[in-house]
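Here is a friendly walk through the model shown below. Keep the sequence and the structure open side by side as you read.

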Amino acid sequence: MIYILMNLWPILAATLLGLGIGLAVLTAARLALPGPATIAGMALAQFWLAAILAGALILAPREAGAWVMAIGSAVVIWIGFVVPVLWISFAAYGLPARRAGLMMLYWLVAMVGEAALMQAIGLAPPPAA
């Protein structure tokens, strides 16, 4: 987990980008802004996903190309983890499919944006053991 500390600035920048995209989505969808506790939870979730993405980008094989792996990693993590969790969570509470779709799309855009930003900034791998 040392890579998180080594790449704190790119991860924080990606976190802020994800939160900004979230604000834009809420505003465009004319949804009420959440309270401070929820915003803090959203920031923590954005930070953690950015940290996971950073790890995936650092470990990505170079053969496919850095940008292909950056965007591909975001999409694969989104499909493998975010979509199933949101799908089941929204279904369990009977929330509208349209709202679930909007939130899934938000997380896809946020994660691809975060991956692209961190790739553009650059990430440092941890020292070899």
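Predicted model: local features only at pLDDT ≥ 70, side-chain atom pairs only at ≥ 80, totals over all residues.

## Trp78 and the nonpolar core

Trp78 touches Val83, Pro84, Met104, Trp107, Leu108 and Met111, leaving out residues up to four places away in sequence; contact here means heavy atoms within 4.5 Å. Trp78 also belongs, with Ile11, Met111 and Met118, to the residues with the most contacts inside the largest nonpolar core, a set of 32 residues. Helices α1, α2, α3 (36–59), α4 and α5 each supply at least two residues of this core, and α5 gives the most, with ten.

A nonpolar core is a set of buried Ala, Val, Leu, Ile, Met, Phe, Trp, Tyr and Cys residues joined through side-chain atoms within 4.5 Å. Buried means under 20% relative accessible area, exposed means over 50%, and partly exposed covers what is in between (1.4 Å probe, protein chains only). In soluble globular proteins, nonpolar side chains tend to be buried together.

Residues are numbered from 1 along each chain as its sequence is written, and side-chain values use heavy atoms, with hydrogens and water left out.

The chain has a mean pLDDT of 93, and 99% of its residues reach 70 or more; pLDDT is the predictor's confidence in each residue, from 0 to 100. Confidence is highest in helix α2 (residues 8–28), at 96, and lowest in helix α4 (residues 66–92), at a mean of 93. Helices (H or I, at least four residues) and strands (E, at least two) are DSSP runs, numbered from the N terminus.

Trp107 sits in helix α5 (residues 97–121) and counts as buried because its relative accessibility is 15%. Its C-alpha is 9.8 Å from that of Ala74, although Trp107 and Ala74 are 33 residues apart in sequence.

Tyr106 is in helix α5 too, and at 6% relative accessibility Tyr106 counts as buried. Beyond neighbours within four places in sequence, Tyr106 contacts Gly18, Ile21, Gly22, Val25 and Gln46. Tyr106 and Val25 are 81 residues apart in sequence, with 7.0 Å between their C-alpha atoms. Ala110, another helix α5 residue, is buried, with a relative accessible area of 0%.

## Ser73 in helix α4

Is Ser73 buried or exposed? Ser73 is buried, since its relative accessible area is 11%. This helix α4 residue touches Leu53, Ala56 and Leu57, again not counting residues up to four places away in sequence.

## At the surface

Arg30 lies in the loop between α2 and α3 and is exposed, with a relative accessible area of 76%. Arg30 has a positive phi of about 55 degrees, although it is not a glycine. Most residues other than glycine have a negative phi.

Met1, in the segment before α1 (2–6), is exposed at 65% relative accessible area. Met1, Trp48 and Ile52 make a nonpolar surface patch of about 330 Å². Patches are made of residues with over 30% relative accessible area and no salt bridge, with like charges joined within 9 Å and nonpolar side chains (Val, Leu, Ile, Met, Phe, Trp, Tyr) within 5 Å. A salt bridge is a side-chain nitrogen of Lys or Arg within 4 Å of a carboxyl oxygen of Asp or Glu. Accessible areas come from the Shrake-Rupley method with a 1.4 Å probe, and for residues only the protein chains shown count as cover.
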